[in-house]
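My notes follow in the order I took them.

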Amino acid sequence: MQVVIAGGGVAGLTAALALARQGHRVRLVDRDDSPRPADVTTAAGWSRRGVPQFRQPHAFLARLSRELQRGLPDVLDRLRAIGVPQVELIDGLQAMWCRRSTLEWVLRGMAEAEPGVTLGYATVASVRVDGGSVTGVVLAGGTVLPADLVVDATGRRGRVSRPWLQEAVDEPADEVYASRRYRTLPGASFGPVNRGVISVAEGDAYSLLVFPHDAGVFTVCFTRLPDDPGLAVLREAPAFEAAARRVSLAAGWTDVERAEPIADVEVMGGLRNRLRVLHPSAPLGLQPLADAVCTTNPHYGRGTSLAVAHALRLADAVAAAPADPRAWRAASDDWEQGELRAWFDDARLADRARAAMWRNVRDGRPPLAPPDAAPRDGATAGGHAEAGREVPHLMVLAAAGVDRTVGRAVLRHMHMVDPPAALASVRPRVADLLTRGWLPGRPVPGQEVPGPPNGVPAAPPHRELVDELGSLSGSR
């Protein structure tokens, strides 16, 4: 069978490798003609114009490792061989510390070497259809590539399948990121990691996250509301460094005796939770993947895991019925409307709860008033919409730092190895913590050592941090 894949990111490369290894002829077409760097070190500066989040921090979850181990184990072997640290978690789970550039560099190299995969650089202008099925694609310039299966891995714009994609849900993630990359100095080690593969300090109206990567590199990231002018100054390096010094977690990681910045502050905003479905009129043999179908707030690090899972589910469907595009569509629809939709609803419920709480604090109201809203379209997000009216979803995630039982459930949830509904089991514990007066950024009243053995890194209150950054800005 002849396959054309539009888009050479993680989803497209995964699909290319998996389908070629079934014996299919795969033509991967990417409009970004920047060549693969010669080595993984120079890959950090790779210009990937079609991947806006390429240099943003990524958390590579246990779900990603599990999917690769099942479908493409040699990718994991290659990552280990070039020194990507493997992270042992609870319950035998394994994740990794890795840069997006490193993962994509490995995938691209393996695709270039894979028999049956041909890579080309061009833009897919349209899909050719005959009798309700795809017959190929037309490239910009008029070249026609025949195909029995056309895979749209062109990212959140879904350019190839756009004529047949319908918006099912589209709402803002209500979060802006300011991040800066650092490298540890010779002989220095990473700082503490308190959430499996990343470290988190929860503020009352913002968060700080530290993402360890490979090669001694890590990223510090502040997240805030888009309409929070007091923290918008974090886009400036002096304010970013001052804020990092005020959060004990970040201060330890970025101490001048431990690390040095190797990049400017990067800002990412305009993020949306968007879910699309194919219209029934879409031609058989056209299969959009990953961000073309679903984008969620990257705060949760799910994008690469879902991209690889989606690509491998499509490959599984093709393997099960190699000549039946109707079966491919049915299998993809089942997964997208089931597991993918559950994770999507989970992310947007968390975003709604977080944004409501943060705006309350920013505006001087109690964090938990008004109560968290249920999903507007009736989605239950894995069965916890009702509980969310009493225990906001973000509170359950934040409580991972102060309660071991909640922490274990949240870790498995955040690494996508348990379904979203599994968090319902720990909501009563979080409700009890809230009743006792706990809030993010505070210890549990009456608890001698807050949370796990090493405690929870504290973050200064939003108003206090805003005032200090305002003073810094006014003094320049």
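**Entry 1: α3 and α4.** I started with helix α3 (residues 73-81) and helix α4 (residues 100-113), whose axes lie 10 Å apart and pack at an angle of about 125°. That angle makes α3 oblique to α4. I then checked the hand: α3 passes α4 in a right-handed crossing. From α3, the contact uses Asp-74, Val-75, Arg-78 and Leu-79. From α4, Thr-102, Leu-103, Trp-105, Val-106, Leu-107 and Met-110 take part. I sorted the α3 with α4 contact by class and got seven nonpolar, one polar and two charged residues. I noted that this is a predicted model.

**Entry 2: α7 and α8.** Next I looked up helix α7 (residues 303-320) against α8; the axes come within 9 Å and cross at roughly 155°. Angles over 145 degrees count as roughly antiparallel. So α7 is roughly antiparallel to α8. The crossing of α7 and α8 is right-handed. On the α7 side I listed Leu-306, Ala-309, His-310, Arg-313, Leu-314, Ala-317 and Val-318. On the α8 side I listed Trp-328, Ala-331, Ser-332, Trp-335, Glu-336, Leu-340 and Trp-343. The residues of the α7 with α8 contact divide into ten nonpolar, two polar and two charged.

**Entry 3: α11.** How many residues of helix α11 (residues 404-414) are buried? I found eight of its eleven, which leaves the helix mostly covered. The buried residues of α11 are Val-406, Gly-407, Ala-409, Val-410, Leu-411, Arg-412, His-413 and Met-414. I traced what they pack against: α8 (325-362), α10 (393-398) and α12 (427-435). Then I checked both sides of the helix. Asp-403 caps the N-terminal end of α11, with a side-chain oxygen 3.0 Å from the backbone nitrogen of Thr-405. Just after α11, Met-416 takes a positive phi of about 65°.

**Entry 4: Asp-30.** I found Asp-30 in strand β2 (residues 25-30). Is Asp-30 buried or exposed? Its relative accessibility is 7%, so I logged Asp-30 as buried. A polar atom of the Asp-30 side chain lies 3.2 Å from the backbone nitrogen of Asp-32. I then left aside neighbours within four places in sequence and listed the other contacts of Asp-30. They are Gly-8, Arg-48, Arg-108, Gly-120, Tyr-121 and Ala-122.

**Entry 5: Asp-91.** I went on to positive phi values in loops. Asp-91 lies in the loop between β3 (86-88) and β4 (94-96). Phi of Asp-91 is near 60°, a positive value in a residue other than glycine. I read 42% relative accessibility for Asp-91, so this residue counts as partly exposed.

**Entry 6: Ala-215.** Where does Ala-215 lie? I placed Ala-215 in the loop between β13 (207-212) and β14 (217-224). Its phi is near 60°, again positive in a residue other than glycine. The relative accessible area of Ala-215 is 54%. Exposed means over 50%. I therefore logged Ala-215 as exposed.

Notes
Residues numbered from 1 in each chain as written. Predicted model: local features only at pLDDT ≥ 70, side-chain atom pairs only at ≥ 80, totals over all residues. Heavy atoms only, no water. Axes fitted to C-alpha atoms, helices over the stretch in contact; angles between N-to-C directions. Helix = DSSP H or I, 4+ residues; strand = E, 2+ residues; numbered from the N terminus. Parallel < 35°, antiparallel > 145°, perpendicular 65-115°, else oblique. Left-handed = near helix turned anticlockwise from the far one by under 90°. Contact = heavy atoms within 4.5 Å. Nonpolar A, V, L, I, M, F, W, Y, C, P; charged D, E, K, R; others polar. Buried < 20%, exposed > 50% of the residue type's maximum accessible area, 1.4 Å probe, protein only. Polar contact = N/O pair within 3.5 Å; in protein donor to acceptor, adjacent residues only side chain to side chain.
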